[in-house]
Amino acid sequence: MTHIDIPNEKQLVEKRDRWFDKLQQMFDGTYREPIAFVLDGVRANGVCDPYREPEQWVDECMRDIAENKAKLILNEDKFVPVCVEFGLYGVHYIDRILGSNVYFKAGQWYNDYITTPIGELRDPDLAHDETFLLSIRAAKRFAEVGGKFALFGLPTIASALNIAINLYGQEILMAMLEEPEAARRDLETINRTLIRIHKAFMDILPQKQLQPVISWGRTQPPGYGQVCGCSTQLLSGELYREMVADLDDAVLATYEHGGMIHLCGSHAQHIETFRNMKSLKAVQVNDRAAEDLQLYFDGLREDQILYLCPCKGMTVERAMEITGGKRLVINAHLNERIVI
């Protein structure tokens, strides 16, 4: 099998690309429509076990798109990208590649801390790593059968700090203060791994179809990457700036146009650093982070846009009061219509 036909695919690609053009205008600062940009993508579903049959799982997702979801892109009120996301091992994909025991319990993935002393983490042998190769098989299958319309969402490649905390727990935070050289060595090792994996997927997937994790809700124009900044809330502004920020920026710089950082906690102490990160072009906020929208809007560069998941603490109405729709992408739910 070399392709799964999607009816009227040429028309659907053209519609998707028109939405991409509008989104790029938001990034470029030339978006002039009187409302915020609304994003509301969908994921395709596969039935088989993707950990055993990744190729078949991709085929099933593409058939789901062809039969049920492709036409959703024709929505005129919001951008509804249609995505195949291979979310292998949840947020613990990289942990497993770096030697952690990852297991499923009570409906979600967990990992055990590794016993390697901090400062002695080694680069993984990706050419023989089962987890990495499984995800590469899925990406290659998508490149074969995915046509030109659907988007492929990467596994959670996350960030050096997120992964270091997954591997070591609070010990890596203590080491950043007490053994900074050892901690930095491991952070750099992790970051090299992240960049290698991003590049591996970039070598397989067409740029217009590659999206980082949460592809349906954080969709960016082609050529943008992403890091997960969840755990930066645990660091002071100074410690993040000195130990981690350049690593996050280096991951984003792997992509032609830079990219996004995801935030979900209290991260406002890093706004000045975010402002100075050359490759950081978008900040995605949800839950607690969304409540600080005003701080991000006022403190970031004019060419850094905001992706907002509305919540009780930051409604669409309040976000529009703050931004006037400028530099703002609102993540909606499929069964809701956001009226600005």
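**Close-up 1. Lining of the largest pocket in the predicted model.** The residues lining the largest pocket divide into 15 nonpolar, 8 polar and 3 charged, where Ala, Val, Leu, Ile, Met, Phe, Trp, Tyr, Cys and Pro count as nonpolar, Asp, Glu, Lys and Arg as charged, and the others, Gly among them, as polar. This lining comprises 26 residues, of which Glu85, Gly87, Gly90, Thr156 and Val213 lie nearest the pocket centre. A pocket is an open set of points, on a 1 Å grid over the protein atoms alone, where a 1.4 Å probe fits, with protein on both sides within 12 Å along at least five of seven lines, and lining residues have an atom within 4 Å of a point. The volume of the largest pocket is about 570 Å³, taken as the space filled by probe spheres set on the points, which are joined across faces, edges and corners.

The model is predicted, so local features need pLDDT of at least 70 and side-chain atom pairs count only at pLDDT 80 or more, whereas totals for chains, interfaces and linings use all residues. Residues are numbered from 1 along each chain as its sequence is written, and side-chain values use heavy atoms, with hydrogens and water left out.

**Close-up 2. The second largest pocket.** With a volume of about 170 Å³, the second largest pocket has a lining of 4 nonpolar, 3 polar and 5 charged residues. Among the lining residues are Arg32, Glu33, Glu302, Lys326 and Arg327, together with Met26 and Tyr31.

Close-up 3. Helix α6 spans residues 170–178, helices being DSSP runs (H or I, at least four residues) numbered from the N terminus. Ile172, Ala175 and Met176 of α6 are buried (under 20% relative accessible area with a 1.4 Å probe, protein chains only). Because these buried residues fall within an arc of 105° seen down the helix axis, they line one face of α6; the arc is that of the directions from the axis to the C-beta atoms. On the other side, Gln170, Leu177 and Glu178 are exposed (over 50%).

Notes
Helix = DSSP H or I, 4+ residues; strand = E, 2+ residues; numbered from the N terminus.
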